Amino acid sequence: MEPLMAFVVGGLFAASIYMMLRRSLVKLVIGLILLSNAANLLIFTVSGMQRGLPPLIAPGDTLPAGGWADPLPQALVLTAIVIGFGVLAFAVVLIHRAYVVVKEDDLEKMRSTDT
Amino acid sequence: MSPEVALPVIIPFIFGSLSVILYKSNTAQRWLGVIGTGALLVAAMVLLHNTYTHPDGVLIIALGDWPAPFGIVLVSDILGAVMTLMAALIGFAVAIYSLPSISSDHEAFGYYPLMHLLLAGVCGAFLTGDIFNLYVWVEVLLVASFALLILGGERAQMEGAIKYVTLNLLSSIMLLTAVGLTYGMTGTLNMADLVVKLAEVENQGLVTVVSMLYLVAFSIKAAAFPLFFWLPASYHTPPVAISALFAGLLTKVGVYMLYRFFSLLFTQDMGYTHEILLWIGGFTMITGVLGAARYYEIRRILSFHIVSQIGYMFMALALFSPLALAGGIYFIVHNIVTKSNLFLIGGVIYFLRGSHELKQVGGLWRERPWLGLMFLASALSLAGMPPLSGFIGKYMLVRAGVEAESWGIVAVALGVGLLTLYSMVKIWAEAFWKAQPQEYAERAARFERAISERSLAIMCLPIAVLAILAVLLGVGMQPVYEVLIAAAEQMRDPQIYVDAVLGGNQ
């Protein structure tokens, strides 16, 4: 499972960078969405993927018997999803406002503050 | 268990929430802004005092009473406490400056709650002892800064914000990725525990790879070469009180995180990692100062100088001797004070003349000699004139460079100091020394009539305090130096931090 996920994560990172390098504002935001999902999946994957092994400790033991799924990365991913969602909501509103104010979808034409 | 460690995080949250509740009354929000940041300043002072006088020099609070490697801890060592104090100081200064300078529209759209939120995020990032928690604090301060940056919604703000938001999000997600990889390697997120576990990782090359991911993420935040483009594209767009807050604090959070990670966690291959830091530092200094030389807009000149000064902080971290690290922290402190102050003075110039363009303003020395003096104190300090604070910082760094025999970086540091002086003299000569250009005299007179002397006095109050501080930091160096050298010793010996965090709860 992990090798497959590694390719999925790599593909998502590649796709997001590609989208962010485009000139269109909308594609920029799509790139950001893909990027945060890639990072979330990566955290999920690197900590080891275990199926059907809840980290429950039998009475009297101090460690779960056998293999167990680590709950912490799942909590991390959950937090990261929530944060990512909030930030992306902001980004979507921002590009909408930017489009209304600048009347341009082309990042190449938004350079008045650069020079 | 030291509850005062949590106060600098809790206070801004309380006052931020109160300002949201009282959002209908601008007056109440203003009072809350001043009182809240004032309380934060007191809390930060107490924190630094208690941290410094504590025998270990490290204070800890385990949140929810979970012991260190399992729960999240807030840790205040001397470096963290000094940075928190600086954040609180700038917060307080900007809160006072905002009273007359932020328009009621901005206030109605939540300027004060966002300012509190930003300060909470900054203090949280300075005090946390957990890398995922650090990511969360970074997001807290980023979201607040996004909203502050576009407050008002002008075209330039939108264009600047898109670059700012994109690059900072990219950097946050790189940080998140690096945190995930670190957890995958070690199974822990607590910084003190990481010191132990990272040393046990079999493949040390992998640790260095992850450290590079952190380096890129933090370098974007710190606006280091070659990742600084978002900063000069966006920092000159919002109202100047916001620019000053950003200039003082946001990039320094990136620098602080680098100081923390590359002294505590990633010292296993210093020949490689710190050599890279040294090169980045050199290039950052040069590009920043040359960028500034091109412009005649006050805020843009200052924005590029933020970049240039970040280079010195990188240089200090790269040299890594006690003198260099103490000099680096000193430089951060000095830079937060003077840079924010120069932005605030730029704002006053705008209120008096109606423009940030140096070509369109002038004659201020004759009319407002006090403002000129305060500008000179900050600007010459930034450029490194003895006996002001910038001189001491540069002296310490250059001396550390000479001791390490890194002649290249020493030459760059000295040359960039000279060019900084050029930029500062440019602002001085154009805005203060030359006469007001006739074609813009009418607008200048209109702006000057519109601003009352009382508003000006309120704005000049924090400026005067910061200017005096810039001088005092240089003249009364000795007590500051003792605190900072203690901080540097702590940074060079991670064992103190580890013992305090992991042993503190037994």
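Trainee: How do α3(B) and α11(B) run, roughly parallel or roughly antiparallel to each other?
Mentor: Helices here are DSSP runs of H or I with at least four residues, and strands are E runs of at least two, numbered from the N terminus. The axes of α3 (78–101) and α11 (240–265) of chain B come within 9 Å and cross at roughly 170°. Axes are lines fitted to C-alpha atoms, for helices over the stretch in contact, with angles from 0 to 180 degrees between N-to-C directions. Under 35 degrees counts as roughly parallel, 65 to 115 as roughly perpendicular, over 145 as roughly antiparallel and the rest as oblique, so α3(B) and α11(B) are roughly antiparallel.

Trainee: What kind of model is this?
Mentor: Residues are numbered from 1 along each chain as its sequence is written, chains are lettered from A and ligands numbered from 1 in written order. Local features need pLDDT of at least 70, side-chain atom pairs count only at 80 or more, and totals for chains, interfaces and linings use all residues, as this is a predicted model.

Trainee: How many residues of the contact of α3(B) with α11(B) are charged?
Mentor: Contact means C-beta atoms, placed from the backbone, within 7 Å. Among those involved are M83(B) and I90(B) of α3(B), with L245(B) and Y256(B) of α11(B). Ala, Val, Leu, Ile, Met, Phe, Trp, Tyr, Cys and Pro count as nonpolar, Asp, Glu, Lys and Arg as charged, the others, including Gly, as polar. The tally is 13 nonpolar, three polar and, for charged, none.

Trainee: Is L456(B) buried, partly exposed or exposed?
Mentor: L456(B) sits in α20 (453–475) of chain B. Buried needs 20 or more other C-beta atoms, placed from the backbone, within 10 Å; exposed means 12 or fewer, and partly exposed lies in between. L456(B) has 18 such neighbours, so it counts as partly exposed.

Trainee: What should helix α3 of chain A span?
Mentor: The expected span is 1.5 Å times one less than the number of residues. Helix α3(A), residues 71–102, has 32 residues.

Trainee: What radius of gyration does chain B have?
Mentor: The radius is taken over C-alpha atoms, and the globule rule is 2.2 Å times the number of residues to the power 0.38. With 506 residues, a compact globule would be near 23 Å, which agrees with chain B at 22 Å.

Technical notes:
Contact = placed C-beta atoms within 7 Å.
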